[in-house]
Amino acid sequence: MTRHLQIWLASARYSVVRTMMFRFDFFLWAMVELCWMSVNVLLISVIYEHTGSIAGWTKYEMLLLVGTSLLVQRFLMGFFWSSLFEMGRNIRSGYFDFFLAQPGNILFMASTRKLDPDGLMNSFVAMGVVAYAAHKLGLHPSAFDLALYALMIFSGLVIHYSMLLISISLAFWMTSAQGVEGIYFTLSEFSRLPREAFRGIASLVFVWLLPVVVVSNAPAHTLLHGFQPRWAFALLGAALLWFGAAVLVFHRGLRRYASASS
Amino acid sequence: MNKYRHAFLIGLQSNLVYRWNFAVRGFFSMFHLAVVFILWGAAYTGASDIGGFSFGQTLTYFLVMLVLQFFVGAFNEDYQISEEIRNGLINQFLLKPINYFLYRFSIFLAARMVTGALVLIPLVCAMPLLHSYLSLPHDLWRLPLGLVAMAGSALIQFSIAYCFGMLTFWFLEIQGFVILSMAIESVLGGQMFPLDLLPGWIYRIAQFLPFYYQTYFPAAIFTGRIHEIGQVGQGLAVQLFWVVVLLGVNQLLWRRGLRRHTAVGG
């Protein structure tokens, strides 16, 4: 455990040094993420110019939900995106051999090789969106609620990581399938919607089968209405289940990996 | 023109090879439509009309927008051009009597024919669920004028992608610029929400920007968000202006870029 932490710290240090070498890239990518976050916030603002509520959620409640969803996604982008995106390319090209030869857990080494400081920088902006919405709503969450919120964000990160890992692992079976990570982005769109907006089959698929809606709704509900065991246990259970499934799919895929050359 | 016809036919064949990739992309775009359906459906529970349009009209707008993107949108043309510059593949075009812009545009047209046809498959499958919501105006003038606007949109979309591809002469990596531009285009091109929902003064500024003519303009003609034929005429004039400007910028970047280009090897 300590050794893996040391490896992760070394990778993080390397990523920060590399970012300092390419400062323009850092600035550009930070702008890219900031712009996309602004697009989502703008969408909410525009809709609420014409309507009073979305599925019973007021403007600032919805902003809190969107901010929460963006926060989870920024953490994923900051901690794992570059490494997992490269994993897909490496599986296709055969460069994944490099990770097989390293002295550590393969999934850990492949998932944490690179850190994106620009994504992590924007997580502060997402936190700002959540804090602003909470202020406008006059919320005063207790320390316990904040700790629970943080735990739920972590569980959401685990679920997003697992969904992205499963998408990328498809490359073990379909080496020509470029852009499979797009599946993750398509599904993550649902996480910015309130649970109450889903009805019928959409509720079954996106709330219960794929926990994309629970990931953002559970922490947002905790800030808005305090601790609710139903949401907390649903999220923790889904995180464990999805992480287990992702590790299983990854290792099943790894068995099929046949490198690309000598 | 014969050589560009051949480029078009080769483009058609090579894009048909990737038909499954495009079909999967078309299938997943239906999920985006599901997000639109759920979000706007929930928004309409709090208001009987939004911006003067019913839920059916708004859903129709997003559906038309989606189809237009598959028919006229630039998918990865910027990256393809960038790759050709970076890998030196454009060298072969410098030695032959072929216009690189027209060559790439021929391939772009072929690609859009394939993607446009393929998006219709999931759309036809989803039609039993959607048809009761769809609401299109019946004015006959909308079809020919909308098709003209579509042709202008295709030129604008491709020209912007071509400009980004040309940036490779100056920058090693263009992905950041492309994704930044996508965020701006998604808002000012009307992909996130119909532009007429913006405050009036912002909407009027947007009408003078090229992004408005990328997809929103033809979509607004087809779906009745532009009410009068006179407004369409004005829009077509501004669209033509942007087509000319962007074609000029393309040529400028190509000439300036080639001055920096170094070809090594045989």
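Trainee: Which helices are among what covers the buried residues of H11(A)?
Mentor: Welcome! This is a predicted model, where local features need pLDDT of at least 70 and side-chain atom pairs count only at pLDDT 80 or more, while totals for chains, interfaces and linings use all residues. Residues are numbered from 1 along each chain as its sequence is written, chains are lettered from A and ligands numbered from 1 in the order in which they are written, and side-chain values use heavy atoms, leaving out hydrogens and water. With helices taken as DSSP runs (H or I, at least four residues) numbered from the N terminus, and contact as heavy atoms within 4.5 Å, the cover includes H3 (59-93), H4 (97-100), H5 (106-111), H7 (143-169), H9 (200-209) and H10 (212-225) of chain A.

Trainee: How far does H11(A) reach from its first C-alpha to its last?
Mentor: H11(A) runs over residues 229-256, which makes 28 residues.

Trainee: Is Ser169(A) buried or exposed?
Mentor: Ser169(A) lies in helix H7 of chain A. Leaving aside neighbours within four places in sequence, Ser169(A) is in contact with Val249(A) and Phe250(A). Buried means under 20% relative accessible area, exposed over 50% and partly exposed in between (1.4 Å probe, protein chains only). At 0%, Ser169(A) is therefore buried.

Trainee: Why does His160(A) count as buried?
Mentor: His160(A) is also found in helix H7 of chain A. Not counting residues up to four places away in sequence, His160(A) touches Val72(A), Leu76(A), Tyr184(A), Ser188(A) and Val215(A). His160(A) counts as buried because its relative accessibility is 1%.

Trainee: What area is buried between chain B and chain A?
Mentor: The contact takes 30 residues from chain B and 31 residues from chain A. Buried area is the accessible area (1.4 Å probe) that two parts lose on being put together, summed over both. Carbon and sulfur atoms give 81% of a total of about 2,700 Å².

Trainee: How many salt bridges does the rule find across that interface?
Mentor: A salt bridge needs a side-chain nitrogen of Lys or Arg within 4 Å of a carboxyl oxygen of Asp or Glu. Across the interface of chain B and chain A, the number found is 0.

Trainee: Which helix gives the most to the side of chain B that touches chain A?
Mentor: Helix H2 (19-43) and helix H8 (175-188) of chain B each supply at least two residues of that side. With 11 residues, the one that gives the most is H2(B).

Terms used: Expected span 1.5 Å × (residues − 1).
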